[in-house]
Amino acid sequence: MTAHTSGSPSRTTGSAETPWQRMAAGGGLLDASGRLLSTVFEEMTALAQRTGAVNLGQGFPDFPAPERMVNAASEALAAGHNQYAPIKGIPSLRTAIAEHQRQFYGLDLDAESQIIVSAGATEGLAASLLSVLEPGDEVVVFEPHYDLYGAVIRFAGATAVPVPLLPPRFTPDPDDVRAAFSPRTRAVILNDPHNPTGTVASPEFLTQLVELATEFEAVIVTDEVYEHLRFTGEHTPIATLPGAFDRTLTVSSAGKTFSATGWRVGWVSGPEHLIRGVTAVKSYLSHSAAAPLQHAVAEAVGFPPEFYEHLLDDYRDRRDILVNGLREAGLNPPEPQGTFFAVADVSDHYALAGVSTAKDLGEHWAENAGVVGIPVSAFVGEANRDLYSDWLRLAFCKRADVLRKAMADLALSL
Ligand SMILES: Cc1ncc(COP(=O)(O)O)c(C=O)c1O
């Protein structure tokens, strides 16, 4: 393959001149000559299309969004909700989000001043970071991580300070966490439940983050798009910890929970003084998320608890098909505690395939085993990349028959 990604050795981390180059470099999409590259997701999707392999690379569901929500969108279109929505989002959606946060987490939010609807979590995260970061600031991030964080941090002229989540449990060393904070720390980004590793943050880790953020007066930007995909225990938003709310921006999205990643409806909640900044930035990004879809998402966010229970049961079944299939293939993936991703150390398969990294095995599998995964190294900057070179991420947000076929093909290839 000619294009490179954040996982590629030729990803640049040196000086990038223009704002767009900074953003691309921060996301790992610039080569040494300043050329824009495709993402590993695009590469692997193209490979899956060429080889006919099952694409467990990209994290989007291949099954329908809830019928009630889709119908609500049709009704909203027919009812003429086709003009600009308010910048902050339509009131019924903000009220539904406030009610959701109260019901699930006991968080009491003012829908008028403490919630803003965004064009997916992507815009919510970007607007959150851009609203607080200044050139020279430092941002503590945990690797591996979603590529957007690095892109926006670098675009803002700030520096990401990575802390590795140590395999095989993908927990950080508390001493590393403390050492990453400095008087220059302006923000820390948490992602819980965590993509790509499928782990959830421990109470001790959350407490340490709040303590350090308080000590260093940092903003906590928390990406909780997988809040309803937590298989063990209850999801605890970091904003609910004592002392956290006033410095925390919590980002979530309809995309994952309602199997509608293409709708691009997300939201940010937090204290008014931070939401004000997010609103200002967001006004000049999307202005507002799609009006008719906001109406439908307002209905979906208010679905009864059974919807969320059913969602989790379905995903638990999908997870088990994937994890059991990988075990039958001789791998030993940690059981994902959240998200719709599993990771596995695939080094035991190298000899058979004649390769020496998960990235190369991923390509070998696409050609020979009918399955496409993403190397975890694609989510990591240069400094810590070797820690993850044996790990592959596979998505289980796919139909059960698709997952079964992928696992059967993998078993056959051995
Ligand atoms: C951790 C994480 N954050 C944010 C996003 C983006 O969410 P959205 O599609 O709502 O923009 C994703 C999507 O894959 C994700 O995995």
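In these legends, Ala, Val, Leu, Ile, Met, Phe, Trp, Tyr, Cys and Pro count as nonpolar, Asp, Glu, Lys and Arg as charged, and the others, Gly among them, as polar. The model is predicted, so local features need pLDDT of at least 70 and side-chain atom pairs count only at pLDDT 80 or more, while totals for chains, interfaces and linings use all residues. Residues are numbered from 1 along each chain as its sequence is written, and side-chain values use heavy atoms, with hydrogens and water left out.

**View 1. The shell of residues around the ligand.** Among the 13 residues around the ligand, those that come nearest are T122, D223, Y226, S253 and K256; a residue is near a molecule if one of its heavy atoms lies within 4 Å of it. By class, this shell divides into five nonpolar, five polar and three charged residues. Helix 5, residues 120-132, gives the most to the shell, with four residues; helices (H or I, at least four residues) and strands (E, at least two) are DSSP runs, numbered from the N terminus.

**View 2. Polar side chains at the oxygen atoms of the ligand.** A polar contact is here a pair of N or O atoms within 3.5 Å. S253 has a polar side-chain atom 2.6 Å from an oxygen atom of the ligand, and for N195 a polar side-chain atom lies 2.8 Å from a ligand oxygen atom. In the side chain of R264, an N or O atom is 2.7 Å from an oxygen atom of the ligand. Of the 400 Å² of accessible area that the ligand has on its own, the protein covers 93%, with areas taken from the Shrake-Rupley method and a 1.4 Å probe.

**View 3. The largest pocket, where the ligand sits.** The space taken by the ligand is the largest pocket, and a molecule sits in a pocket or cavity if more than half of its atoms lie within 2 Å of its grid points. On a 1 Å grid over the protein atoms alone, a pocket is an open set of points with protein on both sides within 12 Å along at least five of seven lines, a cavity is a set where a 1.4 Å probe fits but cannot get out, and lining residues have an atom within 4 Å of a point. About 700 Å³ of space lies in this pocket, where a volume is the space filled by probe spheres set on the points, which are joined across faces, edges and corners. Its lining has 32 residues, of which F41, T122, Y146, D147 and K256 lie nearest the centre. By class, the lining holds 15 nonpolar, eleven polar and six charged residues.

View 4. A cis peptide bond, with omega about 0°, joins E143 and P144, and P144 is found in the loop between strand 3 and helix 6. Another cis peptide bond joins P167 and P168, with omega about 10°. E217, although not a glycine, has a positive phi of about 55°, and its place is the loop between helix 8 and strand 6.

Definitions and conventions: Polar contact = N/O pair within 3.5 Å; in protein donor to acceptor, adjacent residues only side chain to side chain.
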